[in-house]
Amino acid sequence: MTDTERAEIVLDSVSKSYPGQRDPAVDNISLTVPAGEIAVLVGPSGCGKTTTMRMINRLIEPTSGTITIAGRDITGMDADRLRRGIGYSIQQAGLFPHLTVARNIATVPGLLGWDRKRIAARVDEMLTLVGLDPDEFRGRYPRQLSGGQQQRVGVARALAADPPVLLMDEPFGAVDPITRGLLQDELLRLQAELHKTIVFVTHDFNEAVKLGDRIAVLGKGSRVLQYDTPAAILADPADETVAGFIGTDAALKQLTLARVADIEPTPSPTARVTDPADTLRAALGDQEWGLILDESGRPLRWVSKEQLAHADSLTDLGSPVTGTVPCRATLQEALETMLTEATAQAVVTGDDGEYLGLIAIDTLVTHLARLRAESRP
């Protein structure tokens, strides 16, 4: 399993029963996870989603059925070798407390026989990839890290040997909501670069919608109630059970499926802070408000036509811009920003913070209506 592009996962009529239990923990699940995609298993506690995931790397042996990765039946592979080719990230990171960050990340490469120089380079590469400074963090112990930092190290360890498959069992469930959102964003950034085949377990449907290319909504015994894209499930739940799991805010959840970059921002009159005041006065025309940008084109302050009327300079003129959203933000994040602004609109910025335009609530409503129409069968 070295070719990510071929790492499709197929579960065919897989079951797991335990002695002394009347009902199977997993009952005849069939599921295909396309190569390079994130498939999220979501369902209530006790439905068997973690058991299903652990059968993929044989931490739990299936009772019946077959599981293949990249076309190979996993039961025909050595279990230890199989696990070394699959990244595994769990809640609270699961780091070895007596090992430094560097040694935690180096665990699987060391088992695979990599030389020290290659391992050291890979450790630094992985720390940089998950946004941690190698010089600052490689010698620390897990107890010296915050919860979010521990989870980042856990992801780095899972990716260290460059596995084509990554299994993630509620990896962000033990951190605060703000850190959780940041870690989710980080995972999406990494996936856009690495294109791993990921099976992600969660009980949080919002997290499933944000992260999943596909979502498997599971019932008792890991029975698949619906397996489809987030947009299709939100627009057309298979039954009342799925609809109940989604909740009453399906329309708002759809806002997490699109990015600000998907919408054409509305232009606003602008001028650089070093420009003459006449430049912005001329750009305003009949409009009441304009934006002052810094020398790099980043938004600084709002200025009204009245404030500008007798101004000789744009320096220190106007009120600071507070409501900004990066173009990579979801429309839900944009909506949250707009609701804090009296103008019900937000300033859109690029990857370097440069001004791109404005986005308003009515624009989101129009876009959401189109998304729902497109998602319905």
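Which element gives the most to the lining of the second largest pocket? I began my notes with that and found that strand 6 does, with 4 residues.

**Ground rules**

I am working on a predicted model, in which local features need pLDDT of at least 70 and side-chain atom pairs count only at pLDDT 80 or more, while totals for chains, interfaces and linings use all residues. Residues are numbered from 1 along each chain as its sequence is written, and side-chain values use heavy atoms, with hydrogens and water left out.

**Overall**

I counted 16 helices and 17 strands in the protein, taking helices (H or I, at least four residues) and strands (E, at least two) as DSSP runs numbered from the N terminus. The C-alpha atoms fill a box of roughly 85 × 55 × 35 Å along the principal axes. Of the 377 residues, 49% are buried, where buried means under 20% relative accessible area, exposed over 50%, and partly exposed in between, with a 1.4 Å probe and protein chains only. Among contacts with a separation of 6 or more, 63% are between residues 24 or more positions apart, a contact being heavy atoms within 4.5 Å.

**Second largest pocket**

I noted a volume of about 440 Å³ for the second largest pocket. A pocket here is an open set of points on a 1 Å grid over the protein atoms alone, with protein on both sides within 12 Å along at least five of seven lines; a cavity is a set where a 1.4 Å probe fits but cannot get out, and lining residues have an atom within 4 Å of a point. Grid points are joined across faces, edges and corners, and a volume is the space filled by probe spheres set on the points. The second largest pocket has 19 lining residues, with R83, I86, Y88, V108 and R157 nearest its centre. Helix 2 (79–84), strand 6, helix 4 (107–111) and helix 7 each supply at least two of the lining residues. I sorted this lining into 11 nonpolar, 4 polar and 4 charged residues, with Ala, Val, Leu, Ile, Met, Phe, Trp, Tyr, Cys and Pro as nonpolar, Asp, Glu, Lys and Arg as charged, and the others, Gly among them, as polar.

The largest pocket holds about 670 Å³ of space. Its lining has 25 residues, of which G181, Q184, D185, K210 and E333 are the closest to the centre. Helix 8, helix 9 (205–211), strand 15 (324–326) and helix 15 (331–338) give two or more residues each to that lining, and helix 8 gives the most, with 9 residues. The lining of the largest pocket divides into 6 nonpolar, 7 polar and 12 charged residues.

I then searched the whole structure for cavities of 30 Å³ or more and found 3. The largest cavity has about 50 Å³ of space, and two or more of its lining residues come from each of helix 7 (147–159) and helix 8 (177–194). Helix 8 has the largest share of this lining too, with 4 residues. The lining of the largest cavity comprises 6 nonpolar, 1 polar and 2 charged residues.

I traced an open sheet of 4 strands in the order 2-1-4-5, with antiparallel pairing; two strands pair if DSSP finds at least two bridges between them. Strand 2 (26–33) and strand 5 (72–73) are the edges, each with a single partner strand, so one side of each has no neighbour in the sheet. Strand 4 (residues 64–69) is joined to strand 5 by 2 bridges, and I69 has R72 as its bridge partner.

Helix 1 (residues 49–56) lies across strand 1 (9–16), strand 2 and strand 4, at about 120° to strand 1; axes are lines fitted to C-alpha atoms, for helices over the stretch in contact, and angles run from 0 to 180 degrees between N-to-C directions. Because 6 of its 8 residues are buried, helix 1 is largely enclosed by the rest of the structure. One of them, T51, has 16% relative accessibility and touches K16, Y18, V26 and I60, not counting residues up to four places away in sequence.

In strand 17 (residues 355–360), 5 of the 6 residues are buried.
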